[in-house]
Amino acid sequence: MSTQFEIRGLTASIEEKQILKGIDLKINGGEIHAIMGPNGTGKSTLASALMGHPKYEVTGGEVSLNGEDVLEMGVDERALAGLFLAMQYPSEITGVTNADFLRSAINARRGEGNEISLIKFVRQMEAKMKELEMNPEFMHRYLNEGFSGGEKKRNEILQMMLLEPKLVILDEIDSGLDIDALKIVAAGVNAMRDEARGFLIITHYQRLLDYIKPDFVHVMMQGRIVKSGGPELAERLEAEGYDWVKEELGIVDETVGQA
Ligand code: ADP
Ligand code: MG
């Protein structure tokens, strides 16, 4: 089934401060949407609110994935329903190896009595790690502990490849990646492009979009999507920055602001 993901009028706040001020976005399976915008405009907040991060309070709006109400679900239920977030700053978890973590996540999705065999899991993990040019020793390292910025990002993509989510959110996956790593990560994402899966790619820079071609580009400012277009919008932002958008819309301070 082709995935349908829809956000309507989403508002969210953190510590009483309203950050998201009404987000509307529809993503169909097979589509790649990019959200671009300067720092402090609410991009990561959108990602966290969609995943159900407890620090962010959704104060209004609706989110649905294939007709199911996402906002009703806990974080684990969202993951099981097929939402996936590659975080801007992935957490380190001491005591849990990468392999243990991934196998648990896969088995949670497959359900009791249908667990993946160890040998099959190891083969899959090894194959995907090879695609991402990751050292096999990362399988047995504690999750993200002591990983460099670039290694953490590859590891997020490894999780995505193994979990086969329906809606993939990548938050600044390009930050901390050199050009070779960026190409590898982009190839991983492109290989996952499929009717069953939509993508929301958050990025500050256009560079990533040279390798992952978006169908739609949205600009976020002041906690809203203020402009949408095709790939040409990203190209203009790369060439001219964000000032022309601010001028066109009469925006003085693009950040979410204080209070
Ligand atoms: P972006 O990802 O576009 O740079 P963020 O969503 O991270 O923007 O941040 C938007 C605003 O929300 C900023 O003003 C930021 O300071 C505030 N904010 C985000 N997360 C937190 C947090 N955990 N605690 C306090 N303020 C936060
Ligand atoms: Mg951010």
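How many bridges join strand 1 to strand 2, and in which sense do the two strands run? In this predicted model, strand 1 (residues 4-14) and strand 2 (residues 17-28) are joined by nine bridges and run antiparallel. Within this pairing, glutamate 6 stands opposite lysine 26 of strand 2. The two strands form a hairpin with two residues between them, and glutamate 15 adopts a positive phi near 45° there.

The segment before strand 1 contains threonine 3. Threonine 3 has a relative accessible area of 1% and is buried. A polar atom of the threonine 3 side chain lies 2.6 Å from the backbone oxygen of alanine 196. Neighbours within four places in sequence aside, the contacts of threonine 3 include Ile27, Asn28 and Gly29, as well as Leu65, Asn66 and Lys166. Glu195, Ala196 and Arg197 are also among the contacts of threonine 3.

According to UniProt, in an unreviewed entry, the feature "domain: ABC transporter" covers residues 5-247. In the model, this span is 35% helix and 30% strand, and its end C-alpha atoms are 32 Å apart.

An open sheet of six strands with mixed pairing is present, in the order 6-9-10-3-11-12. Its edges are strand 6 (83-86) and strand 12 (224-229); each has a single partner strand, so one side of each is left without a neighbour in the sheet. From one strand to the next, the twist averages 20°. Phenylalanine 84 is placed opposite valine 168 of strand 9.

Two helices that lie across strands of this sheet are described here. Helix 1 (residues 43-51) lies across strand 3 (32-36), strand 6, strand 9, strand 10 (198-203) and strand 11 (216-221). Relative to strand 6, helix 1 runs at about 145°. Helix 7 (residues 231-240) lies across strand 3, strand 11 and strand 12, and its angle to strand 11 is about 50°.

The magnesium ion (ligand 2) is coordinated by OG of Ser44 and OE1 of Gln88, at 2.1 to 2.4 Å. Serine 44 belongs to helix 1, whereas glutamine 88 is in the loop between strand 6 and strand 7 (93-97), so the pair ties together parts that are 44 residues apart in sequence. Serine 44 is partly exposed, with 26% relative accessibility. Glutamine 88 has a relative accessible area of 16% and is therefore buried, the limit being under 20%.

The loop between strand 6 and strand 7 also holds glutamate 92. Glutamate 92 is partly exposed at 42% relative accessibility. Its side chain forms a polar contact of 3.1 Å with the side chain of lysine 152. Between glutamate 92 and leucine 177, which are 85 residues apart in sequence, the C-alpha to C-alpha distance is 18 Å.

Another loop residue, histidine 204, is located between strand 10 and strand 11. The relative accessibility of histidine 204 is 18%, and the residue counts as buried because the limit is under 20%. The histidine 204 side chain reaches the backbone oxygen of glycine 37 at 3.3 Å. Residues up to four places away in sequence not counted, histidine 204 touches Met36, Gly37, Pro38 and Asn39, together with Glu172 and Tyr242.

In helix 3 (residues 98-110), serine 104 was examined. Serine 104 is partly exposed, with a relative accessibility of 48%. The C-alpha atoms of serine 104 and glutamate 115 are separated by 9.2 Å, the two residues being 11 residues apart along the chain.

Terms used:
Residues numbered from 1 in each chain as written. Chains lettered and ligands numbered in written order. Predicted model: local features only at pLDDT ≥ 70, side-chain atom pairs only at ≥ 80, totals over all residues. Heavy atoms only, no water. UniProt positions renumbered as here; feature names shortened; annotations may be inferred. Helix = DSSP H or I, 4+ residues; strand = E, 2+ residues; numbered from the N terminus. Pairing = 2+ DSSP bridges. Axes fitted to C-alpha atoms, helices over the stretch in contact; angles between N-to-C directions. Contact = heavy atoms within 4.5 Å. Donors = N, O, S within 2.8 Å, 3.2 Å for Na, K, Ca; no water. Buried < 20%, exposed > 50% of the residue type's maximum accessible area, 1.4 Å probe, protein only. Polar contact = N/O pair within 3.5 Å; in protein donor to acceptor, adjacent residues only side chain to side chain.
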